[in-house]
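Thanks for coming. I have one structure to go through today, and I will keep to what can be read from the model itself. Please have a look at it on the screen before I start.

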Amino acid sequence: MSQPPGSQSPLSVREVPSSFADNQAYFDESRWQKFTRRLKEEPLVPLGCAVTCWALWGATKSIRSGDSYTAQRMFRMRLYGQFFTIVAMVAGSFYYNSDRILRKEYEEILKERKATEKRNAWIRELEARDKEEKDWREKVKEVTEKRKEEEDIARAKEDAKKGGGVVTKAVKGLRERLAGDGEGG
């Protein structure tokens, strides 16, 4: 027996989810939360277990005291408690079957979503590392170019001091040629 989405379950305080995204807390739960939810969904199962345990305790007590009549009654009570527990489990499984199917589907979707998020986070990390590497290479290139310019300037200054710069040599070469042309002409 399935309930319409969004309606209150008579055995549960929480609302049955109408879709996966509406009630995230319904699906993300700890073991204790699951235990309490299941206890609220099927309260007759723990009741049947309690009746069975009580009957076993009573039968044990009666056997020790030698009261066979009470022991027989308690063993019958144990059978009734076990039968009640099994009926409650079967009825609960039919009643909450659609919720369990939704839960399994949601867990599969959640698993896929987490895998996708992990993959996307890894891609973002790789992109960030790639950007850092490109920035670092640009800085290295700029520093190398700047150092090369500084070395060229220092070399030009040094050549100018020695009188052996490229321009200076070209000017000296022109002067010598002009002086040579003027003498021979």
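I begin with helix 3, which has 22 residues and reaches 31 Å from its first C-alpha to its last, close to the 32 Å expected at 1.5 Å a residue. Which residues of helix 3 are buried? They are Val 45, Gly 48, Thr 52, Ala 55, Gly 58, Ala 59 and Ser 62. Viewed down the axis of helix 3, these buried residues fall within an arc of 155°, so they line one face of the helix. What they pack against is helix 4, residues 68-95. The face of helix 3 turned away from the buried side carries exposed residues: Cys 53, Trp 57, Lys 61, Arg 64 and Ser 65.

This is a predicted model, so before going further, a word on confidence. The mean pLDDT of the chain is 80, and 81% of its residues reach 70 or more. Helix 3, residues 44-65, has the highest confidence in the chain, at a mean of 92. The lowest is in helix 1, residues 24-27, at a mean of 57. One is residues 8-13, for which the model has 16 contacts beyond four places in sequence. Another is residues 16-21, with 15 such contacts. Where pLDDT is low, the predicted coordinates should not be read in detail.

Now the chain as a whole. It has six helices and zero strands, and along the sequence the pattern reads α-α-α-α-α-α. Of the 185 residues, 17% are buried. The accessible surface comes to about 15000 Å², and 59% of that belongs to carbon and sulfur atoms. Among contacts in the chain with a separation of 6 or more, 54% are between residues 24 or more positions apart.

Ser 62 is in helix 3 and counts as buried because its relative accessibility is 7%, under the 20% limit. Leaving out residues up to four places away in sequence, Ser 62 touches Asp 67, Thr 70 and Ala 71. After the end of helix 3 comes Gly 66, which has a positive phi, near 90°.

Pro 43 counts as partly exposed, at 35% relative accessibility. The C-alpha atoms of Pro 43 and Gly 92 are separated by 9.4 Å, and the two residues are 49 apart along the chain.

Last, the cysteines. How many disulfides does a search of the whole structure find? It finds zero. As for accessibility, Cys 49 counts as partly exposed at 38%, whereas Cys 53 counts as exposed at 53%.

That is what I have on this one. I can go back to any part of it.

Technical notes:
Residues are numbered from 1 along each chain as its sequence is written. This is a predicted model: local features need pLDDT of at least 70, side-chain atom pairs count only at pLDDT 80 or more; totals for chains, interfaces and linings use all residues. Side-chain values use heavy atoms; hydrogens and water are left out. Helices (H or I, at least four residues) and strands (E, at least two) are DSSP runs, numbered from the N terminus. Buried means under 20% relative accessible area, exposed over 50%, partly exposed in between (1.4 Å probe, protein chains only). Contact means heavy atoms within 4.5 Å. Accessible areas come from the Shrake-Rupley method with a 1.4 Å probe; for residues, only the protein chains shown count as cover. pLDDT is the predictor's confidence in each residue, from 0 to 100. A disulfide is a pair of cysteine sulfur atoms within 2.5 Å. The expected span of a helix is 1.5 Å times one less than its number of residues. The arc is that of the directions from the helix axis to the C-beta atoms.
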